[in-house]
Amino acid sequence: MVGETLQKLLMTAWLLPLLGFVVEIFFGFWSKNPRHSKAAAWTAVGCIGAGFLCSLTALVMWGTASNAFDDGDAEGWMSQQADINHARHPHHEADSSEGAPPHEHEGADHDAEHHGSSEAGADHILTAVATEDDGGPKLERGQTVYSGTIYTLGVFGSLELTLDYYIDSLTLVMFTMVTLIATCIHLFAIGYMSDELTDEYVDHFAHKADGSHVHRPGRFYRFFAFLSLFCFAMLGLVLAGNIFQVFIFWELVGICSFLLIGFYTERKTASDAANKAFIMNRIGDFGFLIGLMVLWTYFGTFRFGDTMVDNEVVDQGLFSMVHRAEDGNFDRDELTGDVLITGTDGHVLTNEDGSNRQIPYYLLVVVGLGIFAGCVGKSAQFPLQTWLPDAMEGPTPVSALVHSATMVAAGVYLAGRFFPMFVQEVLLTIAYTGCITLFLAATIAMVATDIKKVLAYSTISQLGYMMLGIGVFGWAAGLFHLITHAFFKSLMFLCSGSVIHGCHHEQEMPKMGGLLKKMPITAITMLIGVIAISGLAIPGVIAFSGYHSKDAIVASALAFKNANSAHFLLFFIPLLTAGITAFYMFRLWFYTFWGAPRDQHVHDHAHESPWIMTAPLLILSVFAAFCAVGGDHGYLYLLLTGDEPAHLEAGVTAVGDGITLPAIQDIVDEHTTAGTWALVAAVSGTLIAYILYGTNFVNVEEMKRQLAGVHGFLTNKWHFDELYDALFMRPAHKVAAFCAWFDGAVFDRILHGAAKATVVVSKWDRVFDENVVDGFVNLIASATQSVGTSLKVVQTGRLRQYVMFIVLGVVALFAVMFTTFPG
Amino acid sequence: MLHDPDLNSYLFIGAVLFVCGVICMATKRNAIGVLMGVELVLNGANVNFVAFSRYTTLGLDGQIFSLFVIVLAAAEAAVALAIVLNFYNNHLTVDVDRGNKLKG
């Protein structure tokens, strides 16, 4: 029963924003005064807020049912497993006694999130699930998943496109996180976007040809419609039970991003940025599509999990089709080395001719790289990272929701979701991609001066951390960081939004400074976010969320380095970058809030934002600080790891000269070491930032001059835009110019020749038409006319004459009759 | 005792009436006269109907037909008289030969 209830709750949370979108997009049609009304915004808040309550209820239900936090007690999972079997029975009557206690008040989330701290005594994550195996129920580590089909979109031969759901702890945590953050951001946006509540909005950043500002109607309700559509797409992506469905919502998320980045569509920069984001994502999605094609060809299904009816598998999913041996590697054919495709019981499936079904190993690598290419595009990883900073052209709530907390997290989420199918080569690629990205972005963030750009690069860098975590087998660490990062990054973006709003759309940090007194709430909540992302902590006393999650990643990287000493960079670069992260985040904070005002004009007009903008900041700051309380013994971490892929536990032993992936225990062993090093890096980064920007000890301008070369290189974003310009744009322009010339010289000639020939033919045709066809028609007409003329004399108009004609006619008829038929 | 008239006698009477009517229509220049000719023609037909009705199963069909013809004739006369009145209003005469506006 738990499964059915969960499904209903999550479906409600998923579909409510769609309803909201429909209401809001037609708001101008329904409302008498759409440009001045906040009703659309409150509709959006209501939808996503109700969705949050549903998700939270589902999460609490899950936690209750799983008993994930009772150390070593497997009862919860076992009883739940029995429930699954019931839930998967399509004709089973609803059993009301199994319902979860409803949690309908806001306070419940605090209870749920903080609950774990008191139970930190559990020294190791242990969740067990009963699986039916030969003799009877046997306890083993594993996943509990509710999956099934919601709706069949279409069946084409053996290809079945369906809307499935796949609910495990990752889904639930993502749902709660997304809806909570989205609710806060919706509220914030009501305040931030309020200057759109007008019939004539003057866009000071958009100019017409004559240099005047663009005047346009306010687009308040449209903004919220897009936000709702985005929430629907993101939740659909998380709930999706097959990779094709993920792709559908993946694209929907992309189009929402496009619409929102280009919200100020009159600004050239905004529409360019929207295009850039969309096209960059297309490149990644191309790889995604290739992966999908290979998957379909070899596995014949897109489903993640098995679909059960009556405790029997009716549709096997992808994850059970590849089987891992004791050492963590895939089962492979001994002769060819191809990976065997197995049934749910672990036995190899056979083709119709009796041979084993298998997929070449390199194609499995292609699948992994293809899917990962999609993630690279969506999560702005190297080498497709350049779109995300430009995406800051959108309104700040968009940056907070779409480009830090959720959409870009979709790439990491998919990498985590698809983790069971990744082979070692793919994981190594993921790790190195993440590693390069996190370093690259962090260095650029050090010199950026636009407050939102700093946060954008910081986002890319943190996404790199997550990818690195997943790549070095720290599955839980990567996704843990995904959740914690979502909280503190959305918090910081909202803070920057508050600053921008308060400073009348001034985004350059060199013009700020000393805002601490003017905007105390913003400054303090921002400081919480900064501490969280920097990973500062007093070990054993207090630690904010970023400390725990980044620690976990660094620990995974260290364990990975210990197992494969050749890949030492995967540990040292993140460690170094942890310091850089602390540096640039504190630089941002000191620049903005500390010291003396640099621009008196901006400072004089700065003011704290209204409560509707500061309240979300306060809510989010609580989560940014404490959502990860307890670290890897805490509630959030245990929930996440409750369903981590089974082969993580023991690690993967290298075959041949491959790479060894660390086991969970190896990572746990390294935790203290890694944590200490990361803390040292963070503290030194903070100190440097304080010395440079918090005091007047060092002249920053002088330093900038000394290091002009490096500074310029970083300010120009490692010249990536120029590089892509030279590599792709200019060749494309050259090719286009050649095409244009070819078009003019060859195709146009042919076309003109054809046109001239047509003219000649038409002239002949005209002669024929005028003489022959028209002549014939005219002939008939004139013949008709002459007959008519000659007949008209009969019509004398004399009545008696007509009667005589009748009589004569009748007589004539009789005469004819009698002569023809005599007798 | 007079012997019963046979069918031919009736047909003969009908034919005479019909021919009289036609001649009347063809020769009269007065519109009212033409209408009278029409009535004669119709009644000639009626006589034939009634005469033939004797040979039908029920023996009434012809009578019913002629009743219809009489009713129609009345209606026709009403319409025709209206036309004649209008004609008179326009031409101050009822001479049908004057109505030759539609001459080809």
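Modeller: A helix here is a DSSP run of H or I at least four residues long, numbered from the N terminus. Just after one such run, α16(A), A:His504 takes a positive phi of about 55°. The model is a predicted one.

Colleague: What is the extent of α16 of chain A?

Modeller: Helix α16 covers residues 475-502 of chain A, which is 28 residues. From first C-alpha to last, α16 reaches 40 Å. The expected span is 1.5 Å times one less than the number of residues. For α16 of chain A that expectation is 40 Å, and the helix comes close to it.

Colleague: Where is the kink in α16(A) centred?

Modeller: On A:His485, with a kink of about 25°.

Colleague: What makes you call α16(A) mostly covered?

Modeller: A residue is buried if 20 or more other C-beta atoms lie within 10 Å of its own. In α16(A), 27 of the 28 residues are buried.

Colleague: Why is α15(A) called largely enclosed by the rest of the structure?

Modeller: Apply the burial cut-off again. In α15(A), 21 of the 21 residues are buried, so the rest of the structure largely encloses this helix. Helix α15 runs over residues 451-471 of chain A and spans 30 Å, close to the 30 Å expected. Just after α15(A) comes A:Phe473, with a positive phi of about 75°.

Colleague: How do you know whether A:Ala380 is buried or exposed?

Modeller: Count neighbours. A:Ala380 has 30 C-beta neighbours inside 10 Å. The cut-off for buried is 20 or more. Therefore A:Ala380 counts as buried. A:Ala380 sits in the loop between α10 and α11 of chain A. Its phi is positive, about 55°, although A:Ala380 is not a glycine.

Colleague: And B:Leu92, buried or exposed?

Modeller: B:Leu92 has 9 C-beta neighbours inside 10 Å. Exposed means 12 or fewer. B:Leu92 therefore counts as exposed. B:Leu92 lies in the segment after α3 (61-91) of chain B. B:Leu92 has a positive phi of about 55° and is not a glycine.

Colleague: What class does B:Cys24 fall in, and why?

Modeller: B:Cys24 has 19 C-beta neighbours inside 10 Å. Buried starts at 20, exposed stops at 12, and partly exposed is in between. So B:Cys24 is partly exposed. B:Cys24 belongs to helix α1 of chain B.

Colleague: What does B:Cys24 contact beyond its neighbours within four places in sequence?

Modeller: B:Gly33, B:Met36, B:Gly37 and B:Leu40. B:Gly37 is 13 residues along the chain from B:Cys24, and their C-alpha atoms are separated by 5.0 Å.

Colleague: What makes you call the bond from A:Phe382 to A:Pro383 cis or trans?

Modeller: The omega angle. From A:Phe382 to A:Pro383, omega is near 5°, and the peptide bond is cis. A:Pro383 is in the loop between α10 (361-378) and α11 of chain A.

Colleague: Which residues touch the most other members of the largest nonpolar core?

Modeller: A:Ile181, A:Phe230 and A:Met234, in a core of 246 residues.

Colleague: How do you know where this core lies relative to domain 1 and domain 2 of chain A?

Modeller: See who contributes. Domain 1 (1-111 + 127-292 + 384-419) and domain 2 (423-715) of chain A both give residues to the core, so the core lies between them. Leaving out residues up to four places away in sequence, A:Met234 touches A:Val178, A:Val253, A:Thr406, A:Met407 and A:Ala410. There is also a second, separate core of 7 residues, including A:Val803, B:Met25, B:Ala31 and B:Leu35.

Colleague: How is chain A divided?

Modeller: Into domain 1, domain 2 (423-715) and domain 3 (793-823). The contact between domains 1 and 2 takes 43 residues from domain 1 of chain A and 46 residues from domain 2 of chain A. On the domain 1 side, α6(A) gives the largest share, 12 residues. That side divides into 26 nonpolar, 15 polar and 2 charged residues.

Colleague: How many residues make up the contact of chain B with chain A?

Modeller: 13 residues of chain B are in contact with 12 residues of chain A. Helix α1 (residues 7-27) of chain B gives the most to the chain B side, with 4 residues. By class, that side has 6 nonpolar, 4 polar and 3 charged residues.

Methods. Residues are numbered from 1 along each chain as its sequence is written. Chains are lettered from A and ligands numbered from 1 in the order in which they are written. This is a predicted model: local features need pLDDT of at least 70, side-chain atom pairs count only at pLDDT 80 or more; totals for chains, interfaces and linings use all residues. Helices (H or I, at least four residues) and strands (E, at least two) are DSSP runs, numbered from the N terminus. A nonpolar core is a set of buried Ala, Val, Leu, Ile, Met, Phe, Trp, Tyr and Cys residues joined through C-beta atoms within 7 Å. Domain bounds come from an automatic or database domain assignment. Two residues are in contact if their C-beta atoms, placed from the backbone, lie within 7 Å. Ala, Val, Leu, Ile, Met, Phe, Trp, Tyr, Cys and Pro count as nonpolar, Asp, Glu, Lys and Arg as charged, and the others, Gly among them, as polar. The bend at a residue is the angle between axes fitted to the seven residues ending there and the seven starting there.
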